[in-house]
Every structure is written in structure tokens, then in C-alpha cells.
Amino acid sequence: MAEALAPHPAVSVETYLELEKDADVRHDECVGGRLYAMTGTSRRHNTIAFNIARKLADAAEGTPCRVYMSDVKVRTPDDAFYYPDVIAACEPEPDDPYVEHQPCLLVEVVSPSTESIDRREKLAAYKKIPPVKSYLIVD
């Protein structure tokens with residue numbers, strides 16, 4: 001479950017990206033300059049995400065497509081940042097080694113604590129990323 005860090009003021013995109021490179025605590029989301037730390041996931045959640053990533057990576061072999069798991073973030077046009085559980089991208093690889101700018105598929109494995117955000121906030125945010133063709137919500 002994402003939890004707002006208080007009482008930190010909003011940060012700029014540049015500050016967030018710099019902080020995240022060496023952070024002891026990963027901020028699973030940065031929305032409107034507010035940072036949200038993420039708690040760990042269950043083994044079940046991790047197994048589901050891994051199995052999806054493995055199948056996608058197998059399918060992508062020999063193509064220009066790439067598949068990442070939860071440690072690569074995406075950036076929306078309105079400068080929100082998220083770490084989806086799985087990302088697939090087929091556009092040319094970006095220069096930024098920490099952010100995938102051109103994902104075509106985003107996958108979130110929901111839990112009771114994240115389902116509302118995944119189905120509402122992230123759905124709306126991911127729809128704004130032009131190359132995104134599909135958003136898979138796994139329950």
C-alpha cells in the first residue's frame with residue numbers, strides 16, 4: 001500500500017529523479033510532487049508478476065521489445081511517476097536508464113490495499129501515455 005510521506009513539501013521532477021537514484025526507501029509513486037513510499041508485496045503478488053513478465057519476455061525474444069519488472073518507473077505526460085509491476089516497451093530504448101518513456105503495455109497486480117488506486121488513478125494516468133495500448137489489471 002502506498003503511503004504519503006509527511007510532512008515533506010512537494011518536490012520538483014528533477015529532485016524526485018535525483019532522490020530516487022540513491023534512496024534507501026523507494027517511492028513507488030510521485031504524483032503532483034508528493035512522494036509515496038511503498039510497502040513490500042506478498043510472495044503471491046511477486047509470483048504472479050514474475051510469471052507475467054516471464055511469458056512476455058519469452059514472447060519478446062528476438063524482437064525490439066523489452067520487458068521490465070517493478071524496478072523501472074514510467075512517467076506520465078503530467079509528470080506523475082509510477083513503478084508498474086510489469087512494463088513492456090517496443091519503441092527505441094530511451095537514454096534515461098531509470099524511466100521507460102514509451103511503454104506499450106503496463107501491468108498491475110492488485111491487492112486489497114492498491115485496487116482502488118490501480119483501477120482509478122493509475123488507469124487515468126496510464127491512458128495519457130500515448131504509446132500505451134493495454135493496461136492489464138490482475139486480481
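This is a predicted model: local features need pLDDT of at least 70, side-chain atom pairs count only at pLDDT 80 or more; totals for chains, interfaces and linings use all residues.

Strand 7, residues 86–89, and strand 9, residues 103–109, run antiparallel and are joined by 4 bridges.

These two strands belong to an open sheet of 4 strands, whose order is 4-7-9-10 and whose pairing is mixed. At the edges stand strand 4 (66–69) and strand 10 (134–138), and because each has a single partner strand, one side of each is left without a neighbour in the sheet. From one strand to the next, the twist averages 15 degrees. Across strand 4, strand 7, strand 9 and strand 10 lies helix 2, residues 43–60, which runs at about 170 degrees to strand 4.

Now to the nonpolar residues. In soluble globular proteins, nonpolar side chains tend to be buried together. The largest nonpolar core here has 11 residues, among them Val72, Val74, Tyr82, Leu106, Ala125 and Tyr126. Apart from that core lies another, of 9 residues, including Ala49, Leu105, Val109 and Val138. If you pick out Tyr82 and leave aside its neighbours within four places in sequence, you will find it in contact with several residues, including Asp28, Val31, Val72, Glu121 and Ala125.

Which residues of helix 1 are buried? In this helix, residues 13–21, they are Val13, Tyr16, Leu17 and Glu20. Seen down the axis of helix 1, these buried residues fall within an arc of 95 degrees, so they line one face of the helix.

Next come the charged side chains, for which a search of the whole structure finds 6 salt bridges. One of them is between Glu108 and Lys122, with the closest N and O atoms 3.3 Å apart. The pair links distant parts of the chain, since Glu108 is in strand 9 and Lys122 is in helix 4 (residues 121–127), 14 residues apart. Is Glu108 buried or exposed? Its relative accessible area is 3%, and because the cut-off for buried is under 20%, Glu108 counts as buried. Lys122, at 4% relative accessibility, is buried as well.

Lys122 also forms a salt bridge with Asp118, where the closest N and O atoms are 3.4 Å apart, and Asp118 too is buried. Through salt bridges that share partners, Glu108, Asp118 and Lys122 are joined into one network.

Another salt bridge is the one in which the side chains of Glu115 and Arg119 meet, at 2.8 Å from N to O. Both residues lie in helix 3 (residues 115–119), 4 residues apart, which is about one turn of the helix. Glu115 is partly exposed, with a relative accessible area of 27%, and Arg119 is partly exposed too, at 35%.

I will finish with a detail of the backbone. Most residues other than glycine have a negative phi. Asp79, however, has a positive phi of about 65 degrees although it is not a glycine. You will find Asp79 in the loop between strand 5 (73–75) and strand 6 (81–82), where it is partly exposed, with a relative accessible area of 29%.

Terms used. Residues are numbered from 1 along each chain as its sequence is written. Side-chain values use heavy atoms; hydrogens and water are left out. A nonpolar core is a set of buried Ala, Val, Leu, Ile, Met, Phe, Trp, Tyr and Cys residues joined through side-chain atoms within 4.5 Å. Buried means under 20% relative accessible area, exposed over 50%, partly exposed in between (1.4 Å probe, protein chains only). Contact means heavy atoms within 4.5 Å. Two strands pair if DSSP finds at least two bridges between them. Axes are lines fitted to C-alpha atoms, for helices over the stretch in contact, and angles run from 0 to 180 degrees between N-to-C directions. The arc is that of the directions from the helix axis to the C-beta atoms. A salt bridge is a side-chain nitrogen of Lys or Arg within 4 Å of a carboxyl oxygen of Asp or Glu.
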